[in-house]
Amino acid sequence: MIVSMKWLSEYVDITCPVEEYAERMNLTGNNVEGISKNTAVDGPVVVGKIIRKTKHPDADKLSVYQVDIGEGKTETVISAATNIKEGDIIPLALAGTVLQGKKIESTVFRGIESKAMMCSGEELGLDASVLPKNSESGIYIFSEPLALGEDALKHLGLDDVVIDFEITNNRPDCQSMIGIARESAAAFYTNAFVPEATVEESSNAIEKYLSIKISDPDLCYRYVARMMKVKKIEPSPLWMQRKLMAGGMRPINNIVDVTNYILLEVGQPLHAFDYKMIEGKTIDVRRAKEGEKITTLDGEKRETRENLLLIADANKGVGIAGIMGGQNSEITDETEMIVLESAAFDATNIRKSAFDMEMNTDAAALFAKGVNPHFCDYAADRAARLLMEIGAAELIEGVIDIYPNPVGVKKLTVDTAWINSFLGMNLSVEEMVRSLKSLEMDVVLAKGDRLEIIPPLYRTDINIKEDIAEEVVRIYGYEKIPSTLNSASSYVSPKNERYAFKTRIRSLLASLGGYEVLTYTFTSYDKLKAFEEHIDQEDIVQIINPLGEATSYMRNSLAFSLLEVVGANIAKKNMKGIFFEAGNIFIKEKDAEGLPVQQEKVAIATYGGYDFYDIKGIVESVLEQVGIAGADYRRADLSYLHQGISAEVWLGEKMLGYIGQVHPAIAQKFGIAENVLIAEMDLSLLYACADMRFVYQPLAKYPSLLRDMAVVVSSEVLSGDIVAAIKEAGGPLLKKVELFDVYEGQQIQAGHKSLAYSLFFSSPERTLNDAEADEAFYGIVQTLQERFGAKLR
Amino acid sequence: MKEILEKLKSEAIEKIENATQINQLEEVRIRMLGKKGALTEMLRSMGKLSAEERPLVGKSVNEVKVLIEKELSDKKQMLEEKALMDRLGSESIDITLPGKKPESGTLHPITKTTLEIQEIFASIGFSVAEGPEIDFAKYNFDYLNTPENHPSRGMNDTFYISEDVLLRTQTSPVQIRTMLQNKPPIKIISPGKVYRKDEIDATHSPLFNQMEGLIVDKGITMSDLKGSLEYFARSLFGKDTKTKFRHHQFYFTEPGAEMDATCPKCGGKGCRVCSNTGWIEILGCGMVHPRVQSMCGIDPEEYSGFAFGLGLCLWHGH
């Protein structure tokens, strides 16, 4: 809500500097989003009248103007503008004035000197969207005669400060000049002046012309109508235009401008119908019938929807309630009588209708916030009065006001002691009453230090005692609330072990060289398919209203996100790295609650010179650090991984995740031409299997004996299988097996490899002798010979 | 005999004194005290002496032996010390060459900030609670007292998976789930990803990270809210940080507020980061709305509480 401080001063006396005013408004909950002077002009801009226009003798597109600026002075001005003629009143910037950072100086155009500049609205700081149509492109033309030589900026309202207030949804009553004035008055413990709206009248002549019925009172809470006889449709007076422009609205003509003026001043959207077009002298506010059509003001022929509320005459719709008028009843130059509508419609239905009809009009936005029926009659009266005041129309006496269920007063009783204990304060009853009264509440002190409060009717947001506590303290001042550190609660919530575990995993991966990334969890179907060709659309979670196709599905794997990160890094010539992410993946299958399955995963990607054993080492380190021992690695069969260089990580019957080189064809699709390896583990499983206890283990009492063993086996034999066989054959004395070398090459038969292990033998009871170790050792060798055809090297 | 002994003694001492290498000392030791050394020989030949002479000579020889052993040991220690000094003196490296760093990465700045904030709140008894990113509309809106017609429920503001399932727009559903499942006292913070239908630009993203907090217990007051959140701001931005509470409306709080803190970049003097205001909006907060408590089965007449929420952006990691 844009508020002109000059306009506001008509309703409330603010004596402090504007910055101080804004700060106080801010603290009381009227959030100030910006304060600005509304002009970019420095220096005199005066009102001038074009008295002569001649063509420039030496330039086709230029004209020479004589501009009268009063007191017998004229200025010669050269301009290329095409929208001005002799007699027009325009703003003239004199030499020395700085406009949009540019200084006006006397210049000679092909032999003729130009000493000043006629200005457009935009040059003076007005937005093109608020300029009257005749001034939209070219020089601004005043719509009425003004004293020549006067300050033109003043007449345009450009000597003002405007404040942009954010109005929260619970306070539709603040969406107006009067509403802001009321809040300002409360904030400064003063009074707001609400302009007079009483219309002097002595008959109910309107009833001869019109009757009104609300057929659907569940969607229309109040309907007030007044009728006026149009005198002349012309531009509204400059003072009104100035205020509309300051409020961000374009002046159009006196009738439309008054309705917009009321919108800004009172917050009530009005609509004007051409009376001649209303058949049967009747208006019915009703739901649209099935198949009913209406052509709206914008010329669109529209099919109505279920629950769409129409303003209808005896035969047809003449407007869509609260959203847009009908073309058939539009005000034109021929309009003789108008019907002014001031109504309150159901906010939810307006919001839904506007959405269904794809008609996001300003009026719909306002009604969707909730327009208070309380103001309907005031707004209609005020509009009628203004139309008469500016000479736009004459009154047809009387008002029709259909208000089936008037909003009644609410009375709240609140214990002052409760207010203090809830706020943690020690306010006197007088302070509380003062705050509430400044908000125009009716307050009576009852027995037992209780307050009986009747809030004004427009305060629909005040319903419970907490609302009263809030009103008291926001006006009294949040800054005066003392600070205590949960004085009443020394409770300490138990640690979330799972979150701590996740933090530990992240920290481990960072200490192992990984850079953590956070990526978008949504992506496109194409990307998902690029990663997993046979993906089933039935398995993935789709957003029904995405920003675009590129963000329309939830990811089903983290590895996929990391490939995008790697691809992006390679594109930026960052040729080596380890990235990781911990986050959710999403699967369409429902969980116990009925939500899509959401699993927390941790994934790692390495590229640029890292091999399978590097990333496996990272995984092994993490497992070791969280006390997961005994994982085994089985060949994986995943479409996006290299078959020979990928493994599933198993712990007993649970698959913790996988490790592997991304299939080169898939890496290619992500812009990765080289080897990239990924690992993805399930965080819940890791957490369930982790053993983070500290276990004390004394140093071995007796020394261990070491035997190294190198065996030659066929290349296909897996070291993991050999180690398992060694452990099995080694018996209780074998304490540890460590691989220390793998060799394939010249000294080894083709198709074979040499694997070298260190075997550690020991006993907790005594020192072993060589013979015992040798016996175990040869037992192992024999087993390997039998099972794998292994030869001792 | 005595002369020979004296001669051997002075010969040994001279050699020891002149020795510059440890092996020269070894030579002396072998020559004098070895199996066939001169003194050893002398002791061995003592059998030929008379019973009267034997103890005297034995004593003299032993005295010389002890003396030589001590001299050898002293000189050896001296030579070893000198050798060490010489070696250390010659071993000088370029200490300005770069070190060999183990490979290390880093946590994402948002994770670091989250952890920092989590530690601050842990110090006053809050622990982390987490919940699903895709959640029921009821937990994201209904239980939070969001009006039926509130625009945030609309397809323009919120991503939907189905009519009643959505991508949470705040981590508040975690607060609701916690209140539904637990009796007070409750002290939680809930960090996590949230989703809003904003196009990506310099200051907007359809996905961002948020941290919310909730306390519900007997006797929690608005002054507790103020004190706790001031404690948080000072812990995060420094002890001289000032805060400002402005009234603000949220449907799930009553009263509601926004908290500003003096700009951590300029300390409140005004700079580009704070648009020259000296203040930065940090979080929204308020006393938990009694209707929210009732819906979650927590009697607002018995318990009260406050909640807060902040978006995590990089400036938190000052």
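Which residue in β12(A) is the bridge partner of A93(A)? In β12(A), that partner is M117(A). The structure is a predicted model, in which local features need pLDDT of at least 70 and side-chain atom pairs count only at pLDDT 80 or more, while totals for chains, interfaces and linings use all residues. Residues are numbered from 1 along each chain as its sequence is written, chains are lettered from A and ligands numbered from 1 in the order in which they are written, and side-chain values use heavy atoms, without hydrogens and water.

The bridge between A93(A) and M117(A) belongs to a pair of strands. Strand β7 (residues 89-93) of chain A and β12(A) pair in the antiparallel sense over two bridges. Strands (E, at least two residues) and helices (H or I, at least four) are DSSP runs, numbered from the N terminus. Two strands pair if DSSP finds at least two bridges between them. Strands of a sheet pair through backbone hydrogen bonds, either parallel or antiparallel. In chain A, five strands form an open sheet with antiparallel pairing, in the order β6-β5-β4-β7-β12. At its edges stand β6 (74-79) and β12 (117-118) of chain A; each has a single partner strand, so one side of each lacks a neighbour in the sheet.

Strand β15 (residues 220-230) of chain A is largely enclosed by the rest of the structure, because nine of its eleven residues are buried. Buried means under 20% relative accessible area, exposed means over 50%, and partly exposed lies in between (1.4 Å probe, protein chains only). Nine bridges join β15(A) to strand β23 (residues 337-345) of chain A, in the antiparallel sense. Here Y223(A) stands opposite A343(A). β15(A) also runs antiparallel to strand β24 (residues 393-402) of chain A, with seven bridges. V230(A) has A393(A) as its bridge partner in β24(A).

Helices also meet in chain A. The axes of helix α2 (residues 18-27) and helix α5 (residues 177-187) of chain A come within 10 Å and cross at roughly 95 degrees. Axes are lines fitted to C-alpha atoms, for helices over the stretch in contact, and angles run from 0 to 180 degrees between N-to-C directions. α2(A) and α5(A) are therefore roughly perpendicular. Angles of 65 to 115 degrees count as roughly perpendicular, under 35 as roughly parallel, over 145 as roughly antiparallel and the rest as oblique. Y21(A), R24(A) and M25(A) in α2(A) meet I180(A), E183(A), S184(A) and A187(A) in α5(A).

Over all chains, the structure holds 62 salt bridges. A salt bridge is a side-chain nitrogen of Lys or Arg within 4 Å of a carboxyl oxygen of Asp or Glu. One of them joins R382(A) and E265(A), with the closest N and O atoms 2.5 Å apart. R382(A) lies in helix α11 (residues 376-389) and E265(A) in helix α8 (residues 254-266) of chain A, so the pair ties together parts 117 residues apart in sequence. R382(A) is buried, at 9% relative accessible area. E265(A) is buried too, at 0%.

A second pair is R787(A) and E728(A), with the closest N and O atoms 2.8 Å apart. This pair links distant parts of the chain: R787(A) is in helix α22 (residues 770-788) and E728(A) in helix α21 (residues 719-730) of chain A, 59 residues apart. R787(A) is partly exposed at 45% relative accessibility, while E728(A) is exposed at 57%. A network of salt bridges links R171(A), D173(A), E183(A), R459(A), D461(A), E471(A) and R474(A).

E254(B) is found in strand β8 (residues 253-262) of chain B. E254(B) is buried yet has no salt bridge. The nearest side chain of opposite charge, R459(A), is 7.5 Å away. For charge, Lys and Arg count as positive and Asp and Glu as negative; His and the chain ends are not counted. Leaving aside neighbours within four places in sequence, E254(B) is in contact (heavy atoms within 4.5 Å) with F422(A), E466(A), D467(A), E470(A), M287(B) and H289(B).

Most residues other than glycine have a negative phi, and most peptide bonds are trans. A cis peptide bond joins E254(B) and P255(B), with omega about -10 degrees. Another cis bond joins P184(B) and P185(B), with omega about 0 degrees. Phi of Q100(A) is positive, near 50 degrees.
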